[in-house]
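This report covers part of one chain and the side it turns to a neighbouring chain. The sequence and the structure are shown first.

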Amino acid sequence: MSRIHRVIVDRIACTGHGLCAELFPEHFALDEWGYPVQSAEPVRRDHLAHARRAVAACPALALRLEAVRSRMPADRSDRSDPPAAQPTNQPSTGYRTRP
Amino acid sequence: MSTSASGTTRHMRGYGHHRSHPAPHPAIEGRYGERLLAGWFATGRPADLRNHLARYGRAPVLTGSGDGHRLIDTVARAGLTGRGGAGFATAVKLRAVAGHRRSERVVVANGMESEPASAKDKTLLQLAPHLVLDGLVLAAEAVGAAEAHLCVARTGDGLDHTLRTLIEERRHHGLDSIDIRVHTPPHRYVSSEASALVNWLSGGEAKPTTTPPRTSERGVRGLPTLVDNVETLAHLALIARFGPDWFRARGTAQTPGTGLVTLGSGAIHPGVYEIEFGTPVAEVLALGAVPGDAQAVLVGGYFGSWVPFAEVSGLRYSPEGLAALGASPGAGVLAALPAGACGLAETARVLGYLAAHSARQCGPCRFGLPATAEDFSRLAFGGLDRAGRLRLERNVALLRGRGACKHPDGASRLAASALHAFGAEVRRHLATGPCPAALHGAALLPTHAEPIADGDWR
């Protein structure tokens, strides 16, 4: 048993400020209206600081960082050293990221 | 389509439908294995209390300690799944509420049926209301709830009044251990969603709320709440009487029992039919005499999928059978697209309706869904260029998993399935403009047109 972290977005509270994508671009991109498009992957351990910063900065208080137990001990997000060939949590292109 | 529809059902039931094996309980099943609608097929009239008790007998009363848990175990063994659209295991929901640490609990029967292509819940409440009321009381007893609500849409058709009269009659006969209160929340597509109902019953607007928490955790006024579709509760009322083995005598191993299906547009005899899960889709469509030259079938409702007629008619009607095409029975809707009609125009109108009926709470419903509906409308009726088509496909994909409820996901599924099933028409519309059917054909799939003002959610 190990723990993985996920950012939970309250979709009703979110009003599309877009700070999450600015502070945590590895995990959040924005659609053309400025609403977050989240990576499906859990938050990597080395990105936890970014995640916490995004959660704290959200003006709508719409983000929450949640630690959940994982039944898969070999979860990629929990390796101290992620395989280099794996893509980052960057969502696929096609969405605008705020400058 | 609602009541007259059922009127045609009775005479058409034998259509291509002959079973060799004998019914396990001939007294309580109709000739073709109907259970919920057995009384209707026998008498041609809605079942009043006397008919109901004569056919099914009184529901067991759960009074002793452990009775509730035994009923939940029985439901689990029967394998009953929810009939509101999601198909979730009913026993799991019952257990979640029954096992909650708070002793004050609430049960809600969901008869809202906001899906315009579906008529099954209303038909059931008209033809066999006492099965639903039995099921609601049994579910309340099983989870230890002292509060039971029945929600039907605010359509002004008097169904709520009829139900209150029936509940009064049952009280007179001492049938129910608790009071059932009938409510009429606003009739909007998203207001039948469990969290929206709970929100409305708690004094708020009939708009979905953020989940988790699930309603079983925090529901009406913060209390653990069971929200079940009325058809689910009617099946539960029969399982409580006749047991899991009886229930499993129909249907498939994975999806036991019978289910109500609304055969809508494209059927010569549209109506609500009760079928065994696992029945070939072609046989189900034949009940409503859907012509064999239909182009495609909308499976599940406006949250469902368009599938080519030739492909779907070879499958069996059940979640596992339809999964081969990525479809699911959903709210029990099969609507055929007849030859000569334009599937893109039908889809565009439905997407416009879904966009208008969203709660506009989350990003996808505020922006993504209206933009998708608009681009789809241009695709169907003219004005979409290649860049627009790419934008449409991107936005359809972006609607998934990004709302508090599944409204954008459902619209996305519908739009994506239409782009796939009507791929040839998409290319034709883009190359040569809208087809004559799109420009001049009448709308086949029903939608409620009235727009929503901001104050209309209470």
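In this predicted model, helix α8 (residues 159-172) of chain B lies across β2 and β3 of chain B. Relative to β3(B), α8 of chain B runs at about 170°.

The two strands under discussion also pair with each other. Strand β2 (residues 147-152) of chain B is joined to β3(B) by 4 bridges, and the two run parallel. In one of these pairings, B:L150 has B:V182 of β3(B) as its bridge partner.

Both strands belong to an open sheet of 4 strands in chain B, with the order β3-β2-β1-β4 and parallel pairing. β3 (180-183) and β4 (225-229) of chain B each have a single partner strand, so they stand at the edges and one side of each is left without a neighbour in the sheet. From one strand to the next, the twist averages 20°.

Turning to the contact between chains, 11 residues of chain B are in contact with 10 residues of chain A. Two helices of chain B, α15 (363-381) and α16 (386-398), each supply at least two residues of the side that touches chain A. Of the elements of chain B, α15(B) gives the most to that side, with 3 residues. The table divides the residues of the side of chain B that touches chain A by class.

| Class of residue, chain B side touching chain A | Count |
|---|---|
| nonpolar | 4 residues |
| polar | 5 residues |

Definitions and conventions: Residues numbered from 1 in each chain as written. Chains lettered and ligands numbered in written order. Predicted model: local features only at pLDDT ≥ 70, side-chain atom pairs only at ≥ 80, totals over all residues. Contact = placed C-beta atoms within 7 Å. Nonpolar A, V, L, I, M, F, W, Y, C, P; charged D, E, K, R; others polar. Pairing = 2+ DSSP bridges. Axes fitted to C-alpha atoms, helices over the stretch in contact; angles between N-to-C directions.
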